[in-house]
Amino acid sequence: MDIKKNYINGEWVSALSGEVREIINPYNQEVIAVVSESKEEDTKLAISAAREAFDQGEWSNTSATERGRIVAKIAQLIERDKEELAEMESLDTGKTVEESRGDMDDIAGVFRYYAEIADKDGGEIIDSPIPNTISKIVKEPVGVCGQITPWNYPLLQASWKLAPALAAGNTLIMKPSEITPLTTVKVFELMEEAGVPKGVVNLVLGAGNTVGAELSANDNVDLISFTGGIQTGKGIMRAASGNMKKIALELGGKNPNIIFADADFETAVDQALNAVFFHAGQICSAGTRVIVEESIHDKFVEALVERVKNIKLGSGFDESTQMGPLISETHLNKVINYVEKGIKEGAKVAVGGGRPTDPELQKGFFYLPTVLTDCTTDMDVVQNEGFGPVITVEKFSTEEEAIKLANDSIYGLSGGVWTKDIAKAERCVSKMRMGTVWINEFNVYFPHAPWGGYKQSGIGRELGKTGLEEYQETKHIFQNLDPQPNNWF
């Protein structure tokens, strides 16, 4: 089995230590790849390559139009290799291949969006109060960017970082999750094919406590972008303070999905399922907190449970599969403990609550789709992100109570409101402290709209124009057309 290598300064190279890591399929624990296991010294080499490439200015001085053309070429290559990438993503993560195909379409769309807007901001002339002067604002690349991506949506999350960083003229070092790196390796091959100059994009495969830690602390890195958990995010903030790096953090959410009695009942039930059980609930924006108006609570839970019972678990390559496994044994045990703690706190298992008994699923890291009722905001399962196929159900009596419950969280990534009363919906969303709120919808995103959270869900935004601005510095240039001496001294 060929060893997947680092990509540093335009060359595919093994880790200096010679160490490797096996990548397994979470459906059956079979080894599907072997990759280099890098350490701090490999990371320093990649940082040096990115630093030299940026300081020499070949990429940052390339016209924005030409950078956009190359970013668009990457989108075309992803579309060309869509099926290969989708199958690779499903092998690596366990999700259904149909989900992965949709991811590839979205990923190509992200690269295409940033290709299109790369040259659309030529600067701004602003009024100056001083006669015979010109005052203008321009955007410039930040410099060397460290990018750390999660295991749940490996290539999608990578695209949210790679595309704007390249469009803005930066150089970068990416560290994908050590357990799901395969599609990221493939896209670096595509970026090489697209003509990205050497040293501009660098890939280092390895663990967060070595590669990620070096990227966060190294003084030659100007920006660090991370998607993952809160505690790791806090550690990155501390490390980044050494040279006051720019930081962009997306740290997950425990997202409320408010269902009013006047909502379209069948649609709300269906979308409550969609909001959670894609990719086995391993989604930062999953609507795992279902908050239902008291008058329809019992009916809603009954309908939800009946639908959940019929979710088919299996291989991501079986067309009848609706939900795949969790990512690893470690994460499976985390979800098991999470639900057990909720039960001890008083939550009731309406459906699921354990591992499947089907013999064909025993090698995989499967957990049954689960609904917990009788939940309150003082419970760990309501307050903390479980990152699995688990819905908690709360109830409310008034609009004010629904909003209070929704906001009772350290997170503020996303939320949803279901009602036919648009005025009510607008009142709710104006008071919900979250970066994205959907009305009569859930988990919709697209490249044009910013993505990020309030409170401890993170700092900064990805996607949209603001996603490009994360990778830019703002410079004010003032020119005096008629300089004269002051004769003050």
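At what angle do the axes of helix α13 and helix α14 cross? The legends below answer this and more.

This is a predicted model, in which local features need pLDDT of at least 70, side-chain atom pairs count only at pLDDT 80 or more, and totals for chains, interfaces and linings use all residues. Residues are numbered from 1 along each chain as its sequence is written, and side-chain values use heavy atoms, with hydrogens and water left out.

**View 1. Helices α13 and α14 cross.** The axes of α13 (residues 399-407) and α14 (residues 422-431) cross at roughly 30 degrees and come within 10 Å. Axes are lines fitted to C-alpha atoms, for helices over the stretch in contact, with angles from 0 to 180 degrees between N-to-C directions. E399, I403 and N407 in α13 meet K424, R427, C428 and K431 in α14 (contact means heavy atoms within 4.5 Å). The residues of this contact divide into two nonpolar, one polar and four charged.

View 2. Ten of its 13 residues are buried, so α6 is largely enclosed by the rest of the structure. Buried means under 20% relative accessible area (1.4 Å probe, protein chains only). Helix α6 spans residues 182-194. G195 follows α6, and its phi is positive, near 100 degrees.

**View 3. Strand β5 pairs with β1 and β4.** Two strands pair if DSSP finds at least two bridges between them. β1 (residues 3-4) runs parallel to β5 (residues 31-36), joined by two bridges. β4 (residues 20-24) runs antiparallel to β5, with five bridges. V34 in β5 stands opposite I3 and opposite E22.

How values were computed. Helices (H or I, at least four residues) and strands (E, at least two) are DSSP runs, numbered from the N terminus. The expected span of a helix is 1.5 Å times one less than its number of residues. Buried means under 20% relative accessible area, exposed over 50%, partly exposed in between (1.4 Å probe, protein chains only). Ala, Val, Leu, Ile, Met, Phe, Trp, Tyr, Cys and Pro count as nonpolar, Asp, Glu, Lys and Arg as charged, and the others, Gly among them, as polar.
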